[in-house]
Amino acid sequence: MDAKTRSAVRTQANDRCEYCRIHQRYYRFTFHVEHIVAKQHRGTDADDNLALACHYCNRHKGPNLAGIDPSSDKLTRLFHPRTDSWKSHFSLQNGRITGLCDIGRTTVEVLNMNAPERIRLRVLLEPEFFVQ
Ligand SMILES: [Zn+2]
């Protein structure tokens, strides 16, 4: 993956993690351009398979494509930043991200989006969290 491609992904994401929506400016570590479908699952370097992810989300997602929905205990695919709408799958309140459907719940669980330190940071940032 070349620098031009990484730059295009960052621009498309407005420098926000496409999973938890945190902005790059709050972290000193550069966010990763990740494969939504990992290469080991035949994912490609095509634009529609690349997303910007903070190090927390990227580390927990790893090569996962699915997880177990904590409500139904059913195998459920993860949120896909290129084909799914964030606001249709998640809500944010008091720093906590809530999954609004099976895909949202499963993604929150697999990516450990509500780890205490992540909630504390969002509480501090929430007034401007969705400001572009
Ligand atoms: Zn994230």
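Author: Arg 82 comes out at 22% relative accessibility, so it counts as partly exposed, since buried means under 20% relative accessible area, exposed over 50%, and partly exposed in between (1.4 Å probe, protein chains only). Keep in mind that this is a predicted model, where local features need pLDDT of at least 70, side-chain atom pairs count only at pLDDT 80 or more, and totals for chains, interfaces and linings use all residues. Residues are numbered from 1 along each chain as its sequence is written, and side-chain values use heavy atoms, with hydrogens and water left out.

Reader: What makes Glu 18 and Arg 82 a salt bridge?

Author: The rule asks for a side-chain nitrogen of Lys or Arg within 4 Å of a carboxyl oxygen of Asp or Glu. Here the closest N and O atoms are 2.8 Å apart, so the pair qualifies.

Reader: Is Glu 18 buried or exposed?

Author: Glu 18 has a relative accessible area of 9%, so it is buried.

Reader: Why is Asp 69 called buried?

Author: Because its relative accessible area is 1%. Asp 69 also meets Arg 105 in a salt bridge, at 2.8 Å from N to O. That pair links distant parts of the chain, 36 residues apart.

Reader: And what is Arg 105 called, at 26% relative accessibility?

Author: Partly exposed.

Reader: How many salt bridges does the rule give?

Author: Five. Among them is the one between Asp 84 and Arg 77, again 2.8 Å from N to O. Asp 84 is buried at 12%, while Arg 77 is partly exposed at 39%.

Conventions: Helix = DSSP H or I, 4+ residues; strand = E, 2+ residues; numbered from the N terminus.
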